[in-house]
Amino acid sequence: MAGQVPVRILGLDPGLRHLGWGVIDAAGNRLSHVADGTIHTDSGDDLAKRLLELHEGIAAVIEQWQPDEAAVEETLSNVNPSSTLKLGMARGIALFSAAKAGLPVEQYLPMAVKKSVVGTGHADKVQVQHMVKMLLPGFQRSTADAADALAVAICHAHHAQTRRKVDNAILRIRR
């Protein structure tokens, strides 16, 4: 819609080794790619140092791209309890970093992200990456983690737009 102020959204796909991030602008139904990347940590470093590197990387992304809102993919447990715990810590850092920067933060299950981007909650990574490229003209897939983060941002854009419409309708009714 003409005249709509875009909302800049940071999507985060948590991972201790590779944390994907993506920034989009959303103005109504119009989405545009701003930036994306991956924050890498060295698996040989101690856990505390790796978590600090994730925080500092996210803080640098927020400082550079100045998002208005953030969205983080929720993590589900997997077979290895140690891996699940470490992934949960990376997710905690993603939530903390965005909140510390003063951003409103939403969380989305992987199935909700896939459904929002592809139309089905059981899509595979290749389908998600293909649809991200279709929905964000100009995006050239850099890493799978970055594409997943952009999918999280797209999911948030769709959900937030609906939430804003409902909030505005409620305000009109109360007047």
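Modeller: Buried residues make up 42% of the 175 residues in the chain. The model is a predicted one.

Colleague: What pattern does the chain follow along the sequence?

Modeller: The secondary structure comes to five helices and five strands. Read along the sequence, they follow the pattern β-β-β-α-β-α-β-α-α-α.

Colleague: What is the radius of gyration of the chain, and what does the globule rule give for 175 residues?

Modeller: The C-alpha trace spans about 55 × 35 × 30 Å along its principal axes. The chain is as compact as a globular protein of that length, because the globule rule gives 16 Å for 175 residues and the radius of gyration is close to that, at 16 Å.

Colleague: Why do the buried residues of helix 1 lie on the same side?

Modeller: The buried residues of helix 1 are R50, L51, L54, H55, G57, I58, V61 and I62. They are on the same side of helix 1 because the arc they cover around the axis is only 160°. In general, an α-helix has 3.6 residues a turn, so residues three or four places apart point the same way. On the other side of helix 1, the exposed residues are A48, E63 and Q64. The arc asked about is thus only 160°.

Colleague: Which residue caps the N-terminal end of helix 1?

Modeller: Helix 1 covers residues 47-65. A side-chain oxygen lies 3.1 Å from the backbone nitrogen of A48, and the residue that supplies this cap is D46.

Technical notes. Residues are numbered from 1 along each chain as its sequence is written. This is a predicted model: local features need pLDDT of at least 70, side-chain atom pairs count only at pLDDT 80 or more; totals for chains, interfaces and linings use all residues. Side-chain values use heavy atoms; hydrogens and water are left out. Helices (H or I, at least four residues) and strands (E, at least two) are DSSP runs, numbered from the N terminus. The expected span of a helix is 1.5 Å times one less than its number of residues. Buried means under 20% relative accessible area, exposed over 50%, partly exposed in between (1.4 Å probe, protein chains only). The arc is that of the directions from the helix axis to the C-beta atoms. A polar contact is a pair of N or O atoms within 3.5 Å; within protein, one must be able to donate a hydrogen and the other to accept it, and residues adjacent in sequence count only if both atoms are side-chain atoms. The radius of gyration is taken over C-alpha atoms; the globule rule is 2.2 Å times the number of residues to the power 0.38.
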